[in-house]
Every structure is written in structure tokens, then in C-alpha cells.
Amino acid sequence: MRSIAIVGGKLQGFEVAYLAKKAGMNVVLIDRNNNPLIKNMVDDFYCFDVIRNPEYLIDISGMVEGIIPVNEDLDTIEFLKSIKNELECPILFDFDAYHVSRDKKRSKEYFRSIDVPTPLDNPTVPPFFVKPPCQSSSMGTFIIYDNEGLEGLNPSMLAEEYLPGDVISLEVVGDGINFAVIKETKVHVDDTYDCHMITPIGHYPAFRDISHKLAKNLNLRGIMDIEAIDGIGGLKVIEIDARFPSQTPTVVYHSTGINLVELLFDAFSGGVQELERVFGNNHCIFEHLTPEGGKLVPIGEHMISQGSDYSEIYISEGLEIFECKGKKNIFTLISWGCSKDEMIINRQKGLDIVSEYLGFDKQEV
């Protein structure tokens, strides 16, 4: 059985552990927190700080076939880069691409250098979409609706033109030479721009071409997520993240059968094959719900990181349910089927199960 170690036990760690299990892998978790969120999702757990105890990591590297950093602590990432040649297995991560992607200002300079469309910086006309330079996804973002709102804004913040439209996503896995663009998905966001649902979308050649271009010009050896706004102004890339993403890989898996953890291993061994198009055979919905006022309502993914335990409570063909325990209990429903009707039936079953679990009246899809 192939074994994999992950450094970090929150949302990205959940995603890798989930897909690794689907591939029949043994999962080893390393986290300095003695009670990590996904402790019940893995086979073995080692509690230590890799920076303070690198010898433990070196020992573990002899027991696994690969290590994936699934955290965004810069000190940890930089330390892993410094020690990678002392390990007995590869770190499945592109440190150079991450250096570009983690800084939104640096990544936007990269977009412009290769003529990739992106929202205008420092527009003169509101509304303005404001985001911190180095936070993941929608963390810390907000909209300013007038020029007065820019007064006193921290100069490190990035102010862009606000572009209404769908948020769409693509993953690319590269081996440094070949770059496999996987499956297009839609990121459903709430009023705070936090993601509460992911669904697959149809073939989008222009987005695929842009994503391939972004990976190729970085000589990507690892995985990268590209997010864009698809609106009336055309397709514009808003960010890249050269690390394993959360949520979208599960939808890719259930809609196409492609396992991004397995593909990431290929990038560091036999190589990957480029894909002109990926066909999705299944319909799929990945969503987070929380009880409120006697019913289930959508909630963004970032609340899960504040939980104390994230575990599977139900599984059947076409439906999986996870519960995140914490100040606010959150349920993740993954529903899929060969047809839209089959998926809807499975999703309704999931809503019924959770409603009964909570003592609520059943609610319709």
C-alpha cells in the first residue's frame, strides 16, 4: 500500500486525506497542534513542529512515498524547502511557483507579463474589490462602494476593479514539461465571498488555454489552482494558488473519476499527460450547511477551520456526509449521480438524514 504524509491538519489536509483514501493510500498526518481538525481522517498522527524537530520528519520520510505540505505557514513552507534534499522521499510541491502565487501583487505582475487578463488595479471609479496581498482565497476581502472608503486603507492591500460574475476554477498538475489541465468547476460564494458550494461546469476552452499558459510559463512541477471571474467583461484571472486546494478536487473526483492526489504523485515519478478536454460523467454538488432556525442553511468553508473535529458520519453510493464539530456544527454533503435527477435524489436523502439527526423537520432541495 502506498503511503503519504501531509503536513497540516485543516481544510487542505482534509482534501488530500479524503482523496488519498479513495486511492487506497495510507495517510500519515504531521501537525504541531495536538488536536488537529482531521485527526479522525488519517491512519497515523504525529504531533510535532517540523521546524523544531526535523529529525522526526526525516524518519517519517523513510516510511512514505511522498510528503505534501497542506498549510500556508510561510516559515514551515520555507523550512521544508531548505530540508527537502535531506529527505528520503520527494516533497510533492512546487516551491518556486508557490513563491509567485502566495503574493497576490507578485502574481498579478506575472499575469501581466504573459498577457493573461486580470482585473484592473487601482481603478479610479468605484466599486473597488479589496483584498490582502497574501491571504488565501477570500480571506479578508471586502468591497468599497465610494472613493471615500479608500481613505486610510492600508497601503499593503490590493484594490481592484469590482467585476460581477461567476467565480470559476481549474486545477493544473505539471511535471515541469507537461501540464494536465483538469476539470472546470464553479465556486459558489456567499455575501462575504466565502465558498459554500462547488459544482462542475462545462468545457471552457479559453479558460483551459489560460490555465495551461500560466502553468507552462512557471514550469510547474506540482499542482496549481486558477480562479477567474466569468462576467460581462470577459474572463479575468483573479488568483493562482500553487498548493493543493480544498473542495474543488473532490468535485473533480466525483464528476470525472480523476484523483488529483494520484496525479500529483505522477508528476514526481512517471510524468503527466496533457489533456485537451476532461469529460465529466457524473453530476455532483459539494456543499456546507449549518443548522439555523430549525433548518439547514449554507455556510462558508472558513468556519470549518475553527472546528475541533471533522469526521464522516454517513456514506453510501452517491452520498457522503461529514460533520464538523465546534462552536457552530457544520455538515458537508457530497452528492453525485450519473444524471441530474439521480444526484438530486441523493442530495435530498442527505438533507433528510441530517435533518433527522438534528431533530428538524425534513426540508426539500
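A cavity is a set of points, on a 1 Å grid over the protein atoms alone, where a 1.4 Å probe fits but cannot get out, and its lining residues have an atom within 4 Å of a point. The model is predicted: local features need pLDDT of at least 70, side-chain atom pairs count only at pLDDT 80 or more, and totals for chains, interfaces and linings use all residues. Residues are numbered from 1 along each chain as its sequence is written, and side-chain values use heavy atoms, with hydrogens and water left out.

View 1. The whole structure contains 2 cavities of 30 Å³ or more. Two or more lining residues come from each of helix 1 and strand 14 (283-292); helices (H or I, at least four residues) and strands (E, at least two) are DSSP runs numbered from the N terminus. Helix 1 contributes the most, 3 residues. The lining comprises 4 nonpolar, 3 polar and 1 charged residues, where Ala, Val, Leu, Ile, Met, Phe, Trp, Tyr, Cys and Pro count as nonpolar, Asp, Glu, Lys and Arg as charged, and the others, Gly among them, as polar.

View 2. F14 and F322 have ring centres 5.1 Å apart and planes at 90°, so they form an edge-to-face pair. Because F14 lies in helix 1 (residues 11-22) and F322 in strand 17 (residues 319-325), this pair ties together parts that are 308 residues apart in sequence. F14 and F322 are both buried (under 20% relative accessible area with a 1.4 Å probe, protein chains only; exposed is over 50%, partly exposed in between). Y204 and F207 are also edge-to-face, since their ring centres are 6.1 Å apart and their planes stand at 70°. Both of these residues are buried. One aromatic cluster consists of F14, Y18, Y310 and F322.

**View 3. Salt bridges around K108.** The structure has 19 salt bridges, each a side-chain nitrogen of Lys or Arg within 4 Å of a carboxyl oxygen of Asp or Glu. D121 and K108 form one, at 2.6 Å from N to O. D121 is in the loop between helix 5 (104-113) and strand 5 (128-131) and K108 is in helix 5, so the bridge ties together parts 13 residues apart in sequence. K108 is buried, with a relative accessible area of 1%. A network of salt bridges links K108, R112, D121, K131 and E160.

View 4. The side chains of E184 and R208 meet at 3.3 Å, N to O, in a salt bridge. This pair links distant parts of the chain, 24 residues apart: E184 is in the loop between strand 9 (179-181) and strand 10 (185-189), and R208 is in helix 6 (residues 205-216). Both E184 and R208 are buried. In the salt bridge of R243 with D241, the closest N and O atoms are 3.7 Å apart. R243 and D241 are buried.

How values were computed:
Phe/Tyr/Trp six-rings, centres within 6.5 Å; stacked < 30°, edge-to-face > 60°. 1 Å grid on protein atoms, 1.4 Å probe; cavity = no way out; pocket = protein on both sides within 12 Å on 5 of 7 lines; lining within 4 Å. Points joined across faces, edges and corners; volume = space filled by probe spheres on them.
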